Amino acid sequence: MSRVPRSSLLAVLLGGLLLALTLRWSPPDGSGRQWDNLALGVIAAVATVRGALLVRRIDAGARAPWRLLLACGALFSLSGLVTGSGLTPAFGDVGIGDVLLGLAVVLPPAACVLLARQVSSTRGPRLVVDGLLVTLSLLVVTDVLVFSAGGGVAVTPLVIGYGGYAAVALGLGGAFCTVSTRALRSSTTAMVVGIALIGLASSVLAVSLLHPLPVWQTVGDGAVLLAMEALMLAVAAAPRTVDPTADRRARAPRINPIGLGITVAALVGLPVTLAVAVVRGQQLSAVALAGVAVVVALLLLRTSLRVRDSGRLVEDLVRTEEDFRELVESSTDGIAIVDGALRLQFTSRAARSLLGLDEAAGAGVPLLDVVDPGDRERVGQELAAGGSLLHVAVPDGHGGRTELEITHHDRAGGDRRVLHLRDVTTRRRRERELERMAYTDHLTRVPNRALLFQEMGAGTTERCLLVLDLDGFKAVNDDAGHEAGDQLLVEVARRLRSAVREQDVVARLGGDEFAVLVEGTLREAVDAAQRVVDALSHPHRTPTGTYAVGASVGVAQLHAGGGQLAFREADSALRAAKQAGKGCVRVWDDGRGAHSTDSDVAAALTDGQVQLRYTLAGTADSPVLALHAVPVWVHRTAGVLPAAELWAAGGRQGQDAALQQWLMTTAAAEAATLPGDLVLAVDLPAGHVLPELLVDDVRAALATSGLPAPRLSVAVTEEALAIAPATLPRALHELHRDGVRICLDDYGMGQTLYKHLSRIPLDAIRVDLSALGARGDEARALQVLAAITVTADTFGIITIVHGVEETPVRDAALAAGVRMVRSRATPQLVDIAAVRELLGAPVPVPVPRRG
């Protein structure tokens, strides 16, 4: 026990006071009443009651040794009361009190024997031999130093009994308590101390029988008092239960230093005592000589037992090692041992296979050398930090990697570490697949809503959210079926990835709703939204027909409110965009409401709010060969609205005819003021072109502006052809006969060129390079472009490409036979004044031509 309880100190103090009071009236020669013995009897009775209360808290299966101590206390109490009452024979004669005392003092060594049985691997014969060795050695020492050197004093049997008991008690108690368990260590220590004090009291009692002096009486009574309290401490420190199924480490033998000290002192004291006797010239008794002979025989027997036990131990170790090795080698999990420098010291067959080591390798190989180079630093840091679980990758020798799960723990008492290796390649692959499925839309293979919101919460840069809804999706589902609708969603996801940058996140929210997380400013997000609208405006072709689809987009910035707030704002902007018409983009404006485009379009035409913006196209040698005119609405509150929103507002207000006439007239008038043979391209928007007025509008614009007909190119999309009345092809044929060029815009997304030529005349086709292949796969897109160019050249049709971002791609497109390129590097959506400045042309006053 680490410290003595206060109750024990109090018991010793009170007992000492009681003995001090009674010793004054207790003659040391045994004459009269022995009040000190009565006091010791009372003290023993109180200690027995205290011990009984302690034993009651111990499980029944673990009480046996401590019940013997209770019996010892009870017998000693009776002995003290009997001897103290004067009911004994004369001093020095054997009486009932001595018999009770003899029975009492035998029980503590017996308790030590029971305690020794609770220690695993304890061999009874060896303990018996050790006990006999120590006992006989102490008996010989006692005989030589006390009995045989008595100085002429007669030694009675009672003196021999008391003196011999000290040797027997110390011998048996010290030997059987030399080994104990971790739980019993405190109890056995207290037990040995108590037995030693009882032996001391017995020895003092023997001396007092020969020399009755008060000092011997006082020392003997004090030793008995301390012995009883030591035995109570042994009971108090006893474990509450004894579990026979406990692990071997808990029941493993532990050396008790006091018991070991008694054993060593007895075995060393014997030869020292014999040497003293020889020096003194003392004649050894027959008993001492016989005792020495028996001690020598027991030492020989002990040696033979040690040799036998050592042989058995070696056999057990070899057998255990073989069993362990067989178990390790037959396990499908690998087991390895590394030293402090992480060098492999042992590897099982499975471990060598998992680590990619041959049979001859393994010992001395650094563990980090067999780990994938990308994991070495991390693995070294985790092993140094002492974590118990880590994952590593090991090259498998076939260009792949084996993923291992390693659990490890340090071996006690050394720097070695045991590693358990398990192949988790399949499990980890399935975990990654499950994680991918949890964050990926199963149809389009783009991130889903969960991953989108996770990304919105993780970034720190300036970002914006686009939320878009498809226009015309229900018609595809209803007419062509759900399978065609699914194909459309897959195609939409592909176009979205092509329209945005690599670092932007495209996600499907559900149904026909998508979202794009754009890195950059709000202006960049609006540009991305317009590219999305343009990319999704291409018609979608199914086996049953071609369908016009599009998208409306809501834009909002991400800010401190988080992704949920940005999503609500973008969704509100999306609703405003859908109210404005198909193909519209709206930006969240802090809750002030969507800017209305239901202002009077006719008034906007009159007030000059409707203007033309131009995008230039050319080649590497001639940067400007054509102009693409696009009408925009410079709205007083909403800013510059794109052509799609202008046409949508005009359609709602019945202003399609006025817009068409204004577009042709204004575009021809402004182009006529530019020098050279620049070609003017004007788009006919799907759903808003009026074929019955188109020919007259074009002819009037050419006549008014003086622009030659070959310099005008009327562009029509596949969607416009698909939904326009049958009069549109006739109108295009008539314009073509007048010399106006006809261009098919966004070719490659619908019917073949042969099919279009059977309906309308064509001079040029425009191709969106970004729509021909996945983003980053320009090589594939250029291959498709080359095939289109070859087909177009066969019919004498020129090919114009747009959506080109990089100069090498532009050069490759021109090398494929493309006549003109419209890249993002060329001026985009500039007014006529900027075009004149770019061309270095003055501002002429046009002279109208009539007829």
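Colleague: Why is Cys72 called buried?

Modeller: In this predicted model, Cys72 has a relative accessible area of 7%, and since buried means under 20%, Cys72 is therefore classed as buried.

Colleague: What makes Cys464 buried or exposed?

Modeller: The relative accessible area of Cys464 is 0%, which falls under the 20% limit for the buried class, so Cys464 is called buried.

Colleague: How many disulfides does the chain have, and what rule is behind the count?

Modeller: The count comes to zero disulfides, because a disulfide is assigned to a pair of cysteine sulfur atoms within 2.5 Å.

Colleague: Why is Gly374 called exposed, and where is Gly374 found?

Modeller: Gly374 has a relative accessible area of 62%, and because exposed means over 50%, Gly374 is given that label.

Colleague: What makes helix 21 oblique to helix 22?

Modeller: The axes of helix 21 (residues 643-652) and helix 22 (residues 656-672) come within 8 Å and cross at roughly 135°. Angles over 145 degrees count as roughly antiparallel and those from 65 to 115 as roughly perpendicular, so helix 21 is called oblique to helix 22.

Colleague: Which residues make the contact of helix 21 with helix 22, and how do they divide by kind?

Modeller: Leu646, Trp647, Gly650 and Gly651 in helix 21 meet Asp656, Leu659, Gln660 and Leu663 in helix 22, and the residues of this contact divide into four nonpolar, three polar and one charged.

Colleague: Why is helix 15 called roughly perpendicular to helix 19?

Modeller: The axes of helix 15 (residues 449-458) and helix 19 (residues 563-580) come within 9 Å and cross at roughly 115°, and because 65 to 115 degrees counts as roughly perpendicular, helix 15 receives that description relative to helix 19. Arg449, Phe453 and Met456 of helix 15 make the contact with Gly563, Gln564 and Phe567 of helix 19, and these residues divide into three nonpolar, two polar and one charged.

Colleague: What percentage of the chain is buried, and how many helices and strands does the chain have?

Modeller: Buried residues make up 47% of the 851 residues in the chain, which has 29 helices and 23 strands.

Terms used. Residues are numbered from 1 along each chain as its sequence is written. This is a predicted model: local features need pLDDT of at least 70, side-chain atom pairs count only at pLDDT 80 or more; totals for chains, interfaces and linings use all residues. Side-chain values use heavy atoms; hydrogens and water are left out. Helices (H or I, at least four residues) and strands (E, at least two) are DSSP runs, numbered from the N terminus. Buried means under 20% relative accessible area, exposed over 50%, partly exposed in between (1.4 Å probe, protein chains only). Axes are lines fitted to C-alpha atoms, for helices over the stretch in contact, and angles run from 0 to 180 degrees between N-to-C directions. Angles under 35 degrees count as roughly parallel, over 145 as roughly antiparallel, 65 to 115 as roughly perpendicular and the rest as oblique. Contact means heavy atoms within 4.5 Å. Ala, Val, Leu, Ile, Met, Phe, Trp, Tyr, Cys and Pro count as nonpolar, Asp, Glu, Lys and Arg as charged, and the others, Gly among them, as polar.
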